[in-house]
Amino acid sequence: MKRREFIQTAAAGAVLPVLMNGFPVAAYGQDNAVLAALVNATTQTDRVLVLVQLNGGNDGLNMVIPLDQYSGLMTARPDIAIPQAQVLPMTQLTGLHPAMTGLKSLYDNGSVGVVQSVGYPNPNFSHFRATDIWTSASDSNVTWTTGWAGRYLDGEFPGFPTGYPSTQNPDPLAITVGSVVSNCVQGPTVNMGMAIASTSSFYQLLTGTVDTAPNTPAGHELTFIRQVVQQTQVYTAALQRAARAATNLSPLWPTAGQNSLADQLKIVAQLIAGGLQTRIYCVSLGGFDTHALQVPATGSTATGTHATLLGRVSQAIEAFQDDLRRLGVQDRVVGMTFSEFGRRIKANSGKGTDHGAAAPLFVFGTSVNPRIHGQNVQVPLNAGVNDNVPMQFDFRSIYASILQDWFAVPTATLTALFGRTFPYVPVLRPGVLTGTVAAEDVNVPGFSVYPNPVRGRATVAFEAGGAHVQARLFDATGREVQLVVDRVLPRGPQRLPLDAAGLAAGTYYCHVQEGPRISTRLVVVE
Amino acid sequence: MDRRAFLRKPASVLTAPAAALTDTAAYTDPPGQETVSRFANQTLPDVPRTNASLAPYAGTWGPVQAAHLLRRCVFGPTRAQLAAAAGSSLTQVLNGLLTAPAAPAPPVNVSATDTSVAIGQTWTAQAFDQNFEGVRRSSLRAWWLGQLLSDSTLQAKMWLFWHNHFVIELADVGDARYGYQYAELLRSQALGNVKQLCKDVTVAPAMLRYLNGNQSTATAPNENYGRELLELFTVGKGPIIGPGNYTTYTEADVQAAARVLTGWRDNSTTIQGYYTASRHDTTTKQFSGAFQNQSIPNGGATEYQTLVDMIFGQAETARYLVRKLYRWFVYYVIDATTEQQVIQPLAAQLQQNGYNLAPVLRTLLASEHFFDAVNVGCYIKSPLEFSLGLLRQMEVAQPTSSNVAQQYAVWDYYNGLTNLQQQYLGDPPNVAGWPAYWQTPQFNELWINAVTLPRRNQVSDALLTTTGVTRSGFQLIIDPVAWAQSLPVQTSQDPNLLIRAFVDVLMPFPLTTNQLAFLNDALLPGLPDFEWTDEWTQYLAAPTNTAKKNAVATKLRALLRVMLSQAEFQLS
């Protein structure tokens, strides 16, 4: 990327901060500690990360659809599976829900990447707990009270909120459009973000009006306090300035009130284009907890509740990208979606799905690597009621890779933020061309588990490339039952022992990852 | 007139140890930050008021009425107190409110600095020592706040009322033992007889020192106390109707009153005021037409009582006191109707019964006027009401007297919080008391501005973190799970009933449907209601499972963070 070259040159010459078109230019690269040191450990960047939270647990199997698994799908979820002919094909093997035409078009234009089966070992099926895990980036069995992005911002802006806003940092560090400031940006002592309580309150903020109260003494005092509340929002002036400086340009934005995610992203686009230096925006869409009737009681399974939700996601992101392009800021923004969990492979009897494990997520923006990371979910031919989609990627791999590439966070800092290292996944584009990539780039070569079915012991075989390798065994519910290896292995053929003697008979998944390469095999233990 | 500057005693300030100064130095805001909100009243609001009179309230008695009464009468009624009151009658509740608890044990030494007594023993009867003054004053202030925090009767609010009325400043008095004697005097008469309290305060050593009564002699009478007695403590200052004539009293009356009060001094050994005949002006003091041209002949050591009796014989004294009580319990706007329907008859009752307070409070707090819907929820909480109310209503566990060092350290912390919010117990800003109680047209709105409001939110936010605040090894924390768990399970498992339960305690009036939906979204972002029931039930089934507890705790904290920062929570 041109910016990267430019900033490397600039850094070498120690000319900082560098302004390009009035904006400080970001560092780009994996380990630019020199640059960080030059700016006193606080990275200069004009880059923005948008986190789109899909509340409730999104049914990933009906969103990113494995076209090679239809026999399994039709057995596991005959009432809700999308008719194969209607799936929007991304590759020969993988397609999108038919409601996601906007995302499909962005994918075709190289602005969307898909990461398959993102999760974590030992998934939790509680909405609250799983959300806390995803927002804090903790392991499944420990509680962290800070958010992953909050820890990042805390390191970047030490001492916040004392001394903020300042001349150097006049704007909110993070913004949530929603009633509660996202836990993603919870710092060690305070939340690093501000909440714009709702889209309507954002416009109240801009006009200085408050909710009307009755014409009583209580109403009089309530109005007074609300005015002070609004005044004490120290970033009001910064938001007003940014909002005045830019107007949304895309004709694709739906009418206000039709699509709440679009309404939120519309504000984000306006503020980014208006020059707000806020790095992280959190937006959300609820309603994904589709236990019953995620498709209509009668009629096409390509319509109904879940289709409407996915349609909103697709429409909102498409309008957002179009607006960013028209506003000339598209190269400064990347986004990612996430949900606290996916849903069960097998549908329930109410045309819905229950709480599950891993699920796909989208990354979007002109800087993303526009491909499908990982492989299709392997759907068992006779999925049981508790069978889950096993993870291929740890969600912290995605967070860490984005921080590393987008905000130039050094490896040591990433390790501190997440407690340990996670394999790098190139969800952002280091120069990869648009389009599908050859299979050898995404698969672990020579991967097999034999004998299969397994009795007692088996061997995990693959070709190592000389980097950090993780090999794990998950049961059908996604619970990690064995860590086969988690270290750097020398380049060349590997033969690792798998001890299945203590395992109950049933279906398991063996999952091997080395850098961007990932492969999964169904393993049957007898 | 800048009373504070006038009252400063530079010599004592200069000789005071640094610790004593920092202890008492009122917080001053950085220059350039507003101290009065730009949104505060420019004129008194002309919102509709009620025509309801002092006739006994005979309407519905239930949770709404009980909550209104308790919110105004105690520092933050708890859920249990609200429920108990709603299940009793108005008379029963008032009986309870007017029954003061037993006298508290005096404040104790909690510092190694004060070597006069052991830790845990009271210093209040020990000799004065400037080196111990700082820690004793902290101890007194902590103790005082601790009593307000634990007292669920009207005594607590009235104790603060009299502190704001018969003002002294501990920093100016400079002797914590005097301060304790003064505080105890106010407490013991908080629901008693105003006239007697006024007499006692007049010769209290703290007041003699604060308003220079101890320097007033026949040859050089000091007018300071005489002036404040008339202007602020009793008849109040009326319109100027002639040179030196304030309707209710004249400059000549100030001088006459000062001469009545000559001869009194404070004794640092006995911690009492005492009379010295040789310093007393024995001439007859002539008062103006405002006092029906009465004169007071030499009465020696009891002459001051004659003066107080004469002043309390004026109907305007009762009216002045009743207006102040009205603003303390109801609202700061007193229109012509309220003056005629409420102030005048209540003042007549006060004067007729010889200034016994309890019957008057009962009349006001049991009246149609008090319970009129227009008077509900319009009272902006003072810093003490906000902070102590938050602690009580959220049921933050407090240290006990088994560890006094811890207990006083926590109370001291609370004093620090309210000081930052501009109300420092023991040190009102000047002899007129906190301006929020008298400064027209802003009144209570003076408590809230762009500096103080965030400080209130910081208090609730700090208590809502997963670690809370630790002082002297004691953790202060809001435990929302325990709070919710104390509800009937049919309530706690239903997110909307649960939110209502919080609203009923924390908010002075019902919230709108939109607001309730907003709170539901704070508790359950993007999720259907049954998921709360599911997760809560799972927690109840395994209450020792940390993961399940954390799951619901995170959500409840998010909900409360939003609720406690709502404008409504600032109202009572």
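Modeller: Two strands are said to pair if DSSP finds at least two bridges between them, and the strands themselves (E, at least two residues), like the helices (H or I, at least four), are DSSP runs numbered from the N terminus. The model is predicted, so that local features need pLDDT of at least 70 and side-chain atom pairs count only at pLDDT 80 or more, while totals for chains, interfaces and linings use all residues. Residues are numbered from 1 along each chain as its sequence is written, with chains lettered from A and ligands numbered from 1 in the order in which they are written.

In chain A, strand S17 (residues 468–475) is joined to S18(A) by seven bridges, and the two run antiparallel; within this pairing, A:Phe474 has A:Glu480 of S18(A) as its bridge partner. Both strands belong to an open sheet of four strands in chain A, ordered S18-S17-S20-S21 and paired antiparallel. Strand S18 (480–488) and strand S21 (517–525) of chain A each have a single partner strand, so at these edges one side of each lacks a neighbour in the sheet.

As for the contact between the chains, 32 residues of chain A and 43 residues of chain B take part, where two residues count as in contact if their C-beta atoms, placed from the backbone, lie within 7 Å. On the chain A side, helix H5 (127–136), helix H8 (217–232) and strand S10 (280–285) each supply at least two residues, and the largest share, 13 residues, comes from H8(A).
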